[in-house]
Amino acid sequence: RRKHLPPVAPLYTERDVDDTLPLFRGVDYEQRFQVAGGVECRFEDAGHILGSAAVSLTLKENSTLRTLAFTGDLGRPNLPILRDPAFVGDADYLICESTYGGRFHRPVEQMGDQLLEPILRACQRKGKIVIPAFSVGRTQEIVYMLHRLSVEGKIDHIPVFVDSPLSVNVTDVFKRHPECFDKETLAILTSSENNDPFGFDRLRYVRDVNESKELNDRSGPFIVIAASGMCEAGRIVHHLANTVADPRNMVLIVGYQAENTLGKKLVLKEPFVNIHGEPHELKAEVVVLNSFSGHADRNELLAYASKFNRKRLQYVFLVHGDLDQVEKLGGGLREAGFSNVAIPARGDIAMLN
């Protein structure tokens with residue numbers, strides 16, 4: 001509309017969503033079920049976000065039986081809140097993600113200190129800290145780490161705002177599913193003190209639009225967590241428009257940023273970034289903390305792949321990654337003894353013999 005272009009016809013409408021929702025059926029992890037004739041499926045906890053799953057498909061055609069495994073988005077071991085990724089089981093063929101196939105994350109144990117240091121630096125100059133975060137998973141992880149830092153007395157003076165209605169709703173869903181939590185988070189939930197890992201004294205969840213706008217005029221220091229994670233839509237765009245030009249402020253990047261997104265341009269620290277079609281000079285400090293990524297890094301992907309029986313596994317197909325990351329992971333897998341590793345292009349067809 002801003003560019004005076006004709007409206008885009010939606011792919012689907014709210015009515016389509018309403019008609020589709022009754023067709024969904026929840027399936028427990030480790031439960032085998034039939035998808036269609038000759039196709040059985042089993043989900044295993046991928047440890048990436050709440051409800052994420054690796055997929056094992058058992059395919060039968062006449063007397064031939066084959067198993068195809070797909071990692072989906074694979075999480076990191078030892079991350080807070082969720083359980084570690086579960087092995088999907090041996091397979092004849094594997095489709096594996098490669099988001100960080102050539103990169104290494106800092107140890108999970110250092111996440112709290114990594115987060116604390118830049119926050120305190122911005123607070124010293126009375127700046128505001130804006131954290132773009134996906135509503136499902138990343139927001140809850142950041143809130144969890146801020147909860148720990150607050151309980152330890154390290155940031156108990158800093159107001160924190162989660163400014164995303166979807167994040168608020170998703171956090172409520174997290175609270176209803178403690179069966180997905182790891183032992184550390186369950187211990188916090190059952191303790192007599194500080195037993196809400198998603199809430200603490202200085203934290204406020206923002207639903208109202210006017211309350212969100214009031215944050216633009218608030219004096220720092222304070223923290224705002226808002227969606228979307230790649231800064232392409234949502235309330236984070238408005239916060240960035242009111243943040244990036246002030247050198248006292250900080251943009252804290254805690255997740256993967258795809259090429260050509262506003263988030264990626266911030267990571268590259270381009271001198272000017274376009275927000276709402278207008279150029280904004282980037283003077284705020286930009287800090288990137290890749291250890292908060294929910295995706296496994298190179299070592300973690302290789303460790304997961306090493307669980308497969310190499311003699312049985314006929315082919316590995318690498319997907320979901322920038323080409324340089326896919327190629328680096330492919331090289332690592334070949335060095336580890338996986339002889340057949342393919343990087344399929346769009347439209348390629350693979351025959352499962």
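How many cavities of 30 Å³ or more does a search of the whole structure find? The search finds one. The model examined here is predicted.

**Cavity**

The space in the largest cavity comes to about 30 Å³. Its lining is made up of Tyr-29, Asp-45, Gly-47, Ile-49, Leu-50, Gly-51, Leu-82 and Cys-180. By class, five of the lining residues are nonpolar, two are polar and one is charged.

**The seven-stranded sheet**

Seven strands form an open sheet with mixed pairing, and their order is S1-S2-S3-S4-S5-S14-S15. Strand S1 (32-36) and strand S15 (341-342) each have a single partner strand and stand at the edges, so one side of each lacks a neighbour in the sheet. Within this sheet, strand S2 (residues 39-45) pairs with strand S3 (residues 53-61) in the antiparallel sense, over seven bridges. In that pairing, Val-39 is found opposite Leu-59 of S3. Helix H10 (residues 323-335) lies across strand S5 (93-97), strand S14 (315-319) and S15, and the helix runs at about 160° to S14.

**The S11-S12 hairpin**

Strand S11 (residues 272-275) and strand S12 (residues 278-281) are antiparallel partners joined by four bridges. The two strands make a hairpin with two residues between them. Phe-272 is placed opposite Glu-281 in S12, and Ile-275 has Glu-278 of S12 as its bridge partner. In the turn, His-276 has a positive phi of about 55°.

**Backbone exceptions**

Most residues other than glycine have a negative phi, and most peptide bonds are trans. The table lists positions that depart from these patterns.

| Position | Feature | Value |
|---|---|---|
| Asn-62 | positive phi | near 55° |
| Asn-260 | positive phi | about 70° |
| His-276 | positive phi | about 55° |
| Gly-220 to Pro-221 | cis peptide bond | omega near 5° |
| Ala-227 to Ser-228 | cis peptide bond | omega near 10° |

Asn-62 lies in the loop that links S3 to strand S4 (64-70). Its relative accessibility is 70%, and it therefore counts as exposed. Asn-260 also belongs to a loop, between strand S10 (250-253) and helix H8 (262-267). With a relative accessibility of 66%, Asn-260 counts as exposed.

Pro-221 is in the loop between helix H6 (209-214) and S9, while Ser-228 is in the loop between strand S9 (222-226) and helix H7 (235-241).

How far apart are Ser-228 and Asn-62 in sequence and in space? They are separated by 166 residues in sequence and by 47 Å in space, C-alpha to C-alpha.

Definitions and conventions:
Residues numbered from 1 in each chain as written. Predicted model: local features only at pLDDT ≥ 70, side-chain atom pairs only at ≥ 80, totals over all residues. Heavy atoms only, no water. Pairing = 2+ DSSP bridges. Contact = heavy atoms within 4.5 Å. Axes fitted to C-alpha atoms, helices over the stretch in contact; angles between N-to-C directions. 1 Å grid on protein atoms, 1.4 Å probe; cavity = no way out; pocket = protein on both sides within 12 Å on 5 of 7 lines; lining within 4 Å. Points joined across faces, edges and corners; volume = space filled by probe spheres on them. Nonpolar A, V, L, I, M, F, W, Y, C, P; charged D, E, K, R; others polar. Buried < 20%, exposed > 50% of the residue type's maximum accessible area, 1.4 Å probe, protein only.
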